[in-house]
Amino acid sequence: MALPKTGTIFYHHADASALTIDMPQSYRYMQIGKCGPDEDLKKQIDLALEAQLSVCKPNAIYAYFPLTFEEEKSSCKDKHYCIGAGFTNICSDTLYKHIKDCNGVFLFAATIGVGCDRLIARDRLKNQALPMIHQGLGAMLVEVYCDLLEADIHKMYGDENMAFATRYSPGYGDFSLSHQIDVFRFFGKAARDIGLSLNDSLLMQPTKSVTALIGVKNASSCGGNPNE
Amino acid sequence: MSRISIEEQLRSGKMLYFDGGTGSILQENGLQPGELPERWNLSHADFIRGLHENYYKAGANIIKTDTFGLNCLKFAEDELKQIVNAALANANAAREAIENSDHTFAKAPHYIALDIGPTGKLLKPLGDLAFEDAVDVFKSILKPAATCGGFDLVLIETMNDVYEAKAAVLAAKETTDVPIFVTTVYDENAKLLTGADPETCVALFEGLGVTAVGLNCSLGPKQMAPIVPRLVAASSIPVIVNPNAGLPRSENGKTVYDVDPDDFAECMAEIAKAGANIIGGCCGTTPAHIARMVELTKDIPAVYPEPKNLTVITSYTHAVYFKDRPILIGERINPTGKKRFKQALRDHDIDYILQEGLTQQDNHADVLDVNVGLPEIDEPSLICDVITELQGVLDLPLQIDTTDPIALERGLRLYNGKALINSVNGKQEVMDTVFPLVKKYGGVVVALLIDEDGIPETCEGRLKIAEKLYAEAEKYGLKKSDLLIDSLCMSVASDDVAGRETLKTVDAITRNYHGKTILGVSNISFGLPHREIVTAAFFQMAMQAGLSAAIINPNSIDIQKAYACHCMLSGFDEKCLDYITFATENEDRLTAGTAPATAGAAASAGVAKPGAASDTLEYFITKGLAEPAAEKTKAMIGEGVDPMVIINDHLINALNIVGKKFEEKTLFLPQLLMSAGACSAAFDVIKTHMINSGTQQQKKCKIILATVKGDIHDIGKNIVKTLLENYGFDVIDLGKDVPPETVVESCIEHHAPLVGLSALMTTTVPSMEATIKLLREKAPWAKAVVGGAVLTQEYADMIGADKYCKDAMETVGYATEVHEAWIKENS
């Protein structure tokens, strides 16, 4: 399928039941060691997961832009590369390294809604471990929702001649978090439609939300895993 | 040109039509990504005028000004005013053009809606925008618009949070006199993103006095159709339906919307037949969609809704109706006769109050009474804090219970829903004060049958006051259904017929006046032995007499028994499911009559091991078993063990064992926290014992804790707080997003030797640095300890902190060092 028109915002939604739960990932966020939780703790985590899934509302917005790259741009100061990402210009050498082979990029903002934040606020009064557990579960849920969104984008717009980079968020490497302002300026009303906002400290609310870029190339490989 | 008012038009039984999308059309015509559409009022005035005019020509009666995102968060004051003026001028120019033309619709009534969208910020406590600040943001457009004039209504639209919409409605009510329309955004499960259902939205906005209510955006007409009958069934005001033309999707590189004008119009005809009074479009709809919709629906009558006369209150998620099943109002958030609660109020111990709320919710209260009145406290301020925090952790509707009109008004403003108000009575002065507040903010009000002459002894006397209250309420436009009559019950110990006259009054109000009733049932047993038996019997009789709601202790097993049986035997409990759940959940209490479960205990029930081999307090703490730890502590106190021995020899010992395992990585953070929770439960028993026995609890030094300004993450800070408290420190928790000045003021006020600051994001570390800098200047004696995900030793050194702690246990260690030095200095 052809790539969408530049800068048009699309909506994505999933049921919580469609998410592929990744418990080991959530255990890592909960700072539980490799041996995993004991039986008592696991019961608490399972109950918390049930509560989370009942209030989890995965929603996302995304748009496509062609990419341009410039070297040694004076406005980039200590960075070597400037990336023209359509919604803004980004001075970042690590992002460049990640998507230098790409011709375009999908920008997305995804959230699982306010449910997780509410559970954290409520359950801290019931049991001190629960906020930590909800925090770990919420972080996992938003990540697996991003995985699903990425997979859907690949499916909707990809073909055998196309390759996608893994997602790369403001705050990774030298991709400044201040670009969140550009992301939210671009998405405008659409961000409000999915209940997502940015505060003055550049934190997203609800807290279990992600913004990121996914590089797109019309042939062969395009970018790798930012964690590598 | 003079035109019929929009309210008259609505009452005439004729369908009114909104215009369609604006933003999506602007995008099609060159609006750049990230460009603010409101600026087109100035830069592309002709285009905007033309768009409005095209919608009028398509048959729309109401056009929306291009001001959806216009507010002071995005625009400087001067530009904002310019755009407001231009937007209104563009809309009025379009109206003049159509009305002066010979177009088919030239004579149709044409209205202009001042369009108000969401602020783009999430309100506290989930976000960082305070409610009153949100009101001011909305006023930033409403005030210049009111000065300019030229609009017939305010449309508050695309709201996915009822709290934000309430702020907008109040801003509109306090700025203009024009009708207010509100539309919210539902998902396919008929819920707002923040959880409200259609019935909640209708009750809340109708209570606030808006002219019409409905839904827009997000869904196409097909998906909206099932929500419309729910709105129509609940609403006594006209219903608005403005769907999208589906959602944008990509087709061969082109952006298309799912629903074309023909399909759109066909669906809208069904929606009109379902009872909508005002219909139009939102994103993706065009003048073509509106024209076809008008054509297909012009002969469908739009019947003005009948008054539903529902007695209904709401939280931010759901509505509670007073109709069949009696509604239970938990009375435990009230200091009357509760030493521990009074102490919590004096100490501003909000967590204790929240805990009371959660326990009542666990015990199936429908509504929570909130009374924080003590002579020595600032009630208006505290009621705001308690309401804000309560609605941050639970979703039950609240009954705001105060005799202080300032506290009542501030509480009603801040409350996220339509409140139950306790109370008004037959005294003229009180009616003059309370009824205007009910009118302005919405609500159902408890009306006490007492007046200047006191409480009449007989039913007949009380009914006269009820009639006076109904009549006076009507003068303010309030209906009988907005009042819950409280016949007042006095103690049967001092008046043999107190119970009988009260029950007669409940019966008469229910059957003869078709009114709704409420009682604080526990008064009946005051002064008698085994009060709960009498209270429960009276409660049962009152429900039999038709009582609509009772203010009770939901944790009382006798009350629960009476209620479960009444509901089942009166046919309000399908297949006896509620009764069976009650009997199963309370098996132990029904057979042994033990104390009710607490919220903490309920949460830990999943890990409790009945018949565990060990029965020591240390065992329960290390295993994180809150309820057994609390019970064991009670038993030890009962056996005469000194509370300080329990703390020092048992609790601290157990915590040290857990702490050591945590440091050795043989036990993980959630388990450490479960142990801390069990320890807190034991501490709470000791604290209650000490307050009741009048002994002072010895505490270590004071420590101020805060998550710094701009940062809303407080899990880490709360972990540190719990552990510090468990180790006996006197923690003053200032919460999250705390400005430097507040931290320093608190440090000076308490002369605290240690301040703990937490930050999660690199962007909030400068706030931490500013706080430490101010601390050095104004409170040089205090040490600053810092922590949080983003912090490192290097960062801590850079911002001038005294200590960086990687986790809560290390903070406890450092606090102990500071405490010992502080003791030396002060000895």
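Predicted model: local features only at pLDDT ≥ 70, side-chain atom pairs only at ≥ 80, totals over all residues.

Biologist: Which element does A60(A) lie in?

Modeller: A60(A) lies in strand 2 of chain A, residues 59-66.

Biologist: And what is A60(A) in contact with, leaving aside its neighbours within four places in sequence?

Modeller: Those contacts are H12(A), F108(A), A109(A), A110(A), L149(A) and I194(A). There is also T211(A), which is 151 residues away along the chain, with 9.4 Å between its C-alpha atom and that of A60(A).

Biologist: Zooming out, how many helices and strands does chain A have?

Modeller: Chain A has seven helices and 10 strands. Of its 228 residues, 57% are buried. Taken along the principal axes, the C-alpha atoms fill a box of roughly 55 × 40 × 35 Å.

Biologist: Over to chain B. How many helices and strands are there?

Modeller: Chain B has 33 helices and 25 strands. Its radius of gyration is 30 Å, close to the 28 Å from the globule rule for 827 residues, so chain B is as compact as a globular protein of that length. The C-alpha trace spans about 95 × 75 × 50 Å along its principal axes.

Biologist: What share of chain B counts as buried?

Modeller: 57% of the 827 residues of chain B. Of the chain B contacts with a separation of 6 or more, 75% come from residues 24 or more positions apart.

Biologist: Which domains does the assignment give for chain B?

Modeller: The domain assignment gives domain 1 (6-297), domain 2 (312-519 + 548-553), domain 3 (601-685) and domain 4 (702-826). The centres of domain 2 and domain 4 of chain B, taken over C-alpha atoms, are 41 Å apart.

Biologist: What about sheets? In what order do the eight strands of the open sheet in chain B come?

Modeller: The order is 1-10-7-6-5-4-3-2, with parallel pairing. At the edges are strand 1 (16-17) and strand 2 (62-64) of chain B, each pairing on one side only. Strand 1 of chain B pairs with strand 10 (residues 278-279) of chain B in the parallel sense over two bridges. Within that pairing, Y17(B) has I279(B) as its bridge partner in strand 10 of chain B.

Biologist: How many residues of strand 16 of chain B are buried?

Modeller: Six of the six residues of strand 16 (residues 420-425) of chain B are buried, so that strand is largely enclosed by the rest of the structure. Strand 16 of chain B runs parallel to strand 15 (residues 398-401) of chain B, joined by three bridges. N422(B) in strand 16 of chain B stands opposite D401(B).

Biologist: And how many in strand 19 of chain B?

Modeller: Four of the five residues of strand 19 (residues 516-520) of chain B are buried, so strand 19 is largely enclosed too. Three bridges link strand 19 of chain B with strand 18 (residues 483-486) of chain B, and the two run parallel. I485(B) has T517(B) as its bridge partner in strand 19 of chain B.

Biologist: Now the interface. How many residues does the contact take from each chain?

Modeller: It takes 61 residues from chain B and 54 residues from chain A. Helix 28 of chain B gives the largest share of the chain B side, with seven residues. By class, the side of chain B that touches chain A has 28 nonpolar, 26 polar and seven charged residues.

Biologist: What span should helix 28 of chain B have, and how far apart are its end C-alpha atoms?

Modeller: At 1.5 Å a residue, its 25 residues should span 36 Å, and the end C-alpha atoms are 36 Å apart, which agrees. Just after helix 28 of chain B comes G694(B), with a positive phi of about 75°.

Biologist: Great, thanks!

Key:
Residues numbered from 1 in each chain as written. Chains lettered and ligands numbered in written order. Contact = placed C-beta atoms within 7 Å. Nonpolar A, V, L, I, M, F, W, Y, C, P; charged D, E, K, R; others polar. Domains from an automatic or database assignment. Expected span 1.5 Å × (residues − 1). Pairing = 2+ DSSP bridges. Rg over C-alpha atoms; globule rule 2.2 N^0.38 Å. Buried ≥ 20, exposed ≤ 12 C-beta atoms within 10 Å, placed from the backbone.
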